[in-house]
Amino acid sequence: AQGGVWAYVELIGRDIGLDPESIGMILALGLVTSILGAAAAAWIGDRVSYLVVFGVVAVCETAAFLMLSHGKSGPIFIAAIVLFGIMWNFGIPYTMTALTRVDPSGRFVVLIPAIQGLGVGLGPIIIAAFVSSENLVPVGYVGSVAILAALLIYLPVLGRLRAMSFA
């Protein structure tokens, strides 16, 4: 979801009238502020269940994606990019921790980067089937569906964590 949407943010910025320099600065701001997500994950740790964390990430990422699709102004674009980055880096530590806990052998955990790369590669291809040069609105919707699908895919992992007293 994230990689697919991220591939289109420059086009969305241009579509709302931002110049390339402004888009670059906004994306840099989003990447720098994304550290707040990782810091929040480190601070919160295990005090909140994985279901709550993944639910918050899904809702916030969906909001960011829909803001990108429908917010036709610079300030909304900035807010969406910042929220997008913070939530991306908030969810990743929990994802990796959850998978590490359900796979103590490490057989599948080592595949995380490959699977992330696959998603980042396939995301733009999937979204391309729904957009045109005149209509980028589907970017947010396809990204939102993918985020919700990811949450559903994680439910068995969350169930296993609960059974192991980690959730």
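Colleague: In which helix is the place of Gly159?

Modeller: This is a predicted model, and in it Gly159 belongs to helix H8.

Colleague: What makes Gly159 count as partly exposed?

Modeller: Its relative accessibility is 39%, and since buried means under 20% and exposed means over 50%, a value of 39% falls in between, so Gly159 counts as partly exposed.

Colleague: Why is Thr62 called buried?

Modeller: Thr62, which is found in helix H5, has a relative accessibility of 16%, and because the cut-off for buried is under 20%, Thr62 counts as buried. Leaving aside neighbours within four places in sequence, Thr62 is in contact with Ser144 and Ile147.

Colleague: And what makes Thr33 buried?

Modeller: The relative accessible area of Thr33 is 16%, which is set against the cut-off of under 20%, and therefore Thr33 is buried. Thr33 lies in helix H3, and once its neighbours within four places in sequence are left aside, Thr33 is in contact with Val82 and Ile86.

Colleague: How do you know that Ala80 counts as buried?

Modeller: Ala80, in helix H6, has 0% relative accessibility, and because buried means under 20%, Ala80 counts as buried. Apart from neighbours within four places in sequence, Ala80 is in contact with Ala64, Met67 and Leu68.

Colleague: How do the axes of H3 and H6 cross, and which residues make the contact?

Modeller: The axes of H3 (residues 20–33) and H6 (residues 74–102) come within 8 Å and cross at roughly 35°, and the crossing in which H3 passes H6 is right-handed. From H3 the contact is made by Ile26, Leu27, Leu29, Gly30 and Thr33, and from H6 by Phe77, Ile78, Ile81, Val82, Gly85 and Ile86. Sorted by class, this contact has eight nonpolar, three polar and no charged residues.

Colleague: Which residues touch the most other members of the largest nonpolar core?

Modeller: In that core of 23 residues, they are Val5, Leu68, Phe77 and Val139. Helices H2, H3, H5, H6 and H8 each supply at least two residues of this core. Phe77, with neighbours within four places in sequence left aside, is in contact with Val9, Ile12, Gly13, Ile16, Leu18, Ile26 and Leu68. There is also a second, separate core of 17 residues, which includes Met87, Phe90, Ala98 and Val102.

Colleague: Why are the buried residues of H4 said to line one face of the helix?

Modeller: The buried residues of H4 (residues 35–44) are Gly37, Ala41 and Ile44. Seen down the axis of H4, these buried residues fall within an arc of 75°, so they line one face of the helix.

Colleague: What do the buried residues of H4 pack against, and which exposed residues does the face turned away carry?

Modeller: The buried residues of H4 pack against H3 and H6, whereas the face turned away from the buried side carries the exposed residues Ile35, Leu36, Ala42 and Trp43. Following H4 comes Gly45, whose phi is positive, near 55°.

Definitions and conventions
Residues are numbered from 1 along each chain as its sequence is written. This is a predicted model: local features need pLDDT of at least 70, side-chain atom pairs count only at pLDDT 80 or more; totals for chains, interfaces and linings use all residues. Side-chain values use heavy atoms; hydrogens and water are left out. Axes are lines fitted to C-alpha atoms, for helices over the stretch in contact, and angles run from 0 to 180 degrees between N-to-C directions. Helices (H or I, at least four residues) and strands (E, at least two) are DSSP runs, numbered from the N terminus. A crossing is left-handed if the near helix is turned anticlockwise from the far one by less than a right angle, and right-handed if clockwise. Contact means heavy atoms within 4.5 Å. Ala, Val, Leu, Ile, Met, Phe, Trp, Tyr, Cys and Pro count as nonpolar, Asp, Glu, Lys and Arg as charged, and the others, Gly among them, as polar. A nonpolar core is a set of buried Ala, Val, Leu, Ile, Met, Phe, Trp, Tyr and Cys residues joined through side-chain atoms within 4.5 Å. Buried means under 20% relative accessible area, exposed over 50%, partly exposed in between (1.4 Å probe, protein chains only). The arc is that of the directions from the helix axis to the C-beta atoms.
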